[in-house]
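Dear colleague,

Please find below the structure that I am handing over to you. A summary of the findings follows it.

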Amino acid sequence: MTQDNPETRRLNVLVVEDSPPMRKMIVFALSRIKGMAVTEADDGVDALRKLATTKYDLIITDINMPILDGLKLVKRLRADGAYMKVPIIIITTEGAAEDRQRALALGANAYITKPIQAPQVIKLVKEILGIVEDPR
C-alpha cells in the first residue's frame with residue numbers, strides 16, 4: 001500500500017455508469033477525496049474512448065449498461081497491458097453470489113451492491129488506492 005500525499009499527486013478516476021443520478025452520486029462522493037480528478041462515462045463504449053486518451057488510476061463501473069456492459073469492460077481492461085493492474089470497483093444492483101464471483105474472477109478488485117452510500121464509496125476508494133489523508 002502506498003501513502004501518496006494527496007497534495008502532490010493527482011489521481012484520475014473513471015466512473016462508468018449509465019444512470020445519471022447514480023453517476024452524480026458517485027462523483028459527489030469522490031469529490032470529497034483530496035487530489036481526485038473524476039471523469040464520467042455513460043457506458044462501456046464511452047469508457048473505452050476515454051481510456052484510449054487518458055491514463056486512469058481507478059475505474060468504477062456498473063454492470064448493466066447498453067452496448068458494452070461492465071463485465072465485458074473489465075474483461076477487455078484486464079487483457080490490456082496498460083490496465084491489467086489498475087483497480088476496478090463494480091457498483092451494481094446485481095447482488096447474487098454468482099454475479100459477484102464472476103466479476104471478481106474477471107479481475108474486479110471490489111464489488112458493491114446498490115443502494116450505496118457516499119461514505120461507503122469513499123472508504124473503499126481510499127482503501128484500494130492506499131490514500132491516507134492528514135487528519136489536520
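Where is aspartate 62 found? The residue lies in the loop between strand E3 (58-61) and helix H3 (70-78); helices (H or I, at least four residues) and strands (E, at least two) are DSSP runs, numbered from the N terminus.

As to sources, this is a predicted model, in which local features need pLDDT of at least 70 and side-chain atom pairs count only at pLDDT 80 or more, while totals for chains, interfaces and linings use all residues. Residues are numbered from 1 along each chain as its sequence is written, and side-chain values use heavy atoms, with hydrogens and water left out.

Aspartate 62 counts as buried because its relative accessibility is 4% (buried means under 20% relative accessible area, with a 1.4 Å probe and protein chains only). Its side chain makes a polar contact with the side chain of threonine 92 at 3.5 Å (a pair of N or O atoms within 3.5 Å, one able to donate a hydrogen and the other to accept it). Beyond its neighbours within four places in sequence, aspartate 62 is in contact (heavy atoms within 4.5 Å) with residues including Val16, Asp18, Gly70, Ile91 and Lys114.

Turning to the chain as a whole, its secondary structure comprises five helices and five strands, arranged along the sequence as β-α-β-α-β-α-β-α-β-α. Of its 136 residues, 46% count as buried. Among contacts with a separation of 6 or more, 65% are between residues 24 or more positions apart. The C-alpha atoms fill a box of roughly 45 × 30 × 25 Å along the principal axes.

Yours sincerely

Terms used:
Buried means under 20% relative accessible area, exposed over 50%, partly exposed in between (1.4 Å probe, protein chains only).
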